[in-house]
Amino acid sequence: PPAARGGLRVPLTRNAQNLGKPGSLWRGMAVALAENASAVVTLDGDGQHRPEDIPRLLEMHHADPHALVVGARLHEGGSIPADRYFANRFANFWIAWAAGQRVEDSQSGFRVYPASLLNRLPQRLGHAAGFVFESEVLIEAGRRGTRLAWVPIPAIYQPSGRRSHFRPVADIVLLTRMVAWKLLSRGLYLRGLLRSLRGA
């Protein structure tokens, strides 16, 4: 639609059918890249992320335009439900190993994806299982030499907010299976483990 005077043109893309989170993200990213976007900002729609924090992530993006910038919440562990906190910490260790870099919050959907990374990611990621998508992107980014950059953001969990679809047991099983395959396919990638423990 045409932009209002003094405003921004905001195209709205609708899916003919439910593509799930990965498929919808992937399609939106493709639309943005077709418009020559240099980066894509994503945030979850469950109230856990504040749009007013976008400039903070963009500041990190401008400092390193080729990094994958992620909003990290786990520094506020007391504000996060215990099952979610420990499931995320568990996932962080394995994803960091496979990515060969430090990972502070593997499940955060508040990110700035540089076009230089999106253009090199495999198309199959758009068909990944729900919460596996964002974790697998971190691993694929690490494999391609993209730096993972972390920006502390508030951990917002409101009782009246939209309920998350994350399943601490089932989704951790899916994540573990994906990460195990990534590690086995690289002979366990022990160098990645050392780099992640050093905070590379």
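This is a predicted model: local features need pLDDT of at least 70, side-chain atom pairs count only at pLDDT 80 or more; totals for chains, interfaces and linings use all residues.

Student: Where are H5 and H6, and at what angle do they pack?
Tutor: H5 covers residues 132-143 and H6 covers residues 170-184. They pack at an angle of about 20°, and their axes are 10 Å apart. Axes are lines fitted to C-alpha atoms, for helices over the stretch in contact, with angles from 0 to 180 degrees between N-to-C directions.

Student: Which residues make that contact?
Tutor: On H5 they are Val132, Ser135, Glu136, Ile139, Glu140 and Arg143. On H6 they are Leu174, Leu175, Met178, Val179 and Lys182. Contact means heavy atoms within 4.5 Å. By class, the contact of H5 with H6 has six nonpolar, one polar and four charged residues. Nonpolar means Ala, Val, Leu, Ile, Met, Phe, Trp, Tyr, Cys and Pro, charged means Asp, Glu, Lys and Arg, and the others, Gly among them, are polar.

Student: At what angle do H3 and H5 cross?
Tutor: The axes of H3 (residues 82-99) and H5 cross at roughly 30° and come within 8 Å. That makes H3 roughly parallel to H5. H3 passes H5 in a right-handed crossing too. Ile95, Ala98 and Ala99 in H3 meet Ser135, Leu138, Ile139, Gly142 and Arg143 in H5. This contact has five nonpolar, two polar and one charged residues.

Student: Stepping back, how many helices and strands are there?
Tutor: The protein has seven helices and four strands, in the order α-β-α-β-α-β-α-α-β-α-α along the sequence. Both are DSSP runs, numbered from the N terminus: helices (H or I) have at least four residues, strands (E) at least two. Of contacts between residues at least 6 apart in sequence, 78% join residues at least 24 apart.

Student: What share of the residues is buried?
Tutor: Of the 200 residues, 44% count as buried. Buried is under 20% relative accessible area, exposed is over 50%, and partly exposed is in between (1.4 Å probe, protein chains only).

Student: New topic: how many salt bridges are there?
Tutor: The structure holds 12 salt bridges. Each is a side-chain nitrogen of Lys or Arg within 4 Å of a carboxyl oxygen of Asp or Glu. One of them joins lysine 21 and glutamate 134 (3.1 Å, N to O). Lysine 21 is in H1 (residues 20-34) and glutamate 134 in H5, so the pair ties together parts that are 113 residues apart in sequence.

Student: Is glutamate 134 buried or exposed?
Tutor: Glutamate 134 counts as buried because its relative accessibility is 1%. Lysine 21, at 30%, counts as partly exposed.

Student: Which residue meets aspartate 64 in a salt bridge?
Tutor: Arginine 147 does, at 2.9 Å, N to O. Aspartate 64 sits in the loop between H2 (54-63) and S2 (68-72), and arginine 147 in the loop between H5 and S4 (148-152), 83 residues apart. Arginine 147 is partly exposed at 39%. There is also a network of salt bridges linking Arg124, Glu136, Glu140, Arg144 and Lys182.

Student: Where does aspartate 53 lie?
Tutor: Aspartate 53 is in the loop between S1 (39-42) and H2, and it is buried at 3% relative accessible area. Leaving aside neighbours within four places in sequence, aspartate 53 is in contact with Phe110 and Pro154. Its C-alpha atom is separated by 9.7 Å from that of valine 151, 98 residues apart along the chain.

Student: Last one: what is phi at asparagine 36?
Tutor: Asparagine 36 has a positive phi of about 65° although it is not a glycine. Asparagine 36 lies in the loop between H1 and S1 and counts as exposed at 70% relative accessibility. Tyrosine 189 has a positive phi as well, near 50°. Tyrosine 189 is in the loop between H6 and H7 (190-198), and it is buried, with a relative accessible area of 9%.

Definitions and conventions: Residues are numbered from 1 along each chain as its sequence is written. Side-chain values use heavy atoms; hydrogens and water are left out. Angles under 35 degrees count as roughly parallel, over 145 as roughly antiparallel, 65 to 115 as roughly perpendicular and the rest as oblique. A crossing is left-handed if the near helix is turned anticlockwise from the far one by less than a right angle, and right-handed if clockwise.
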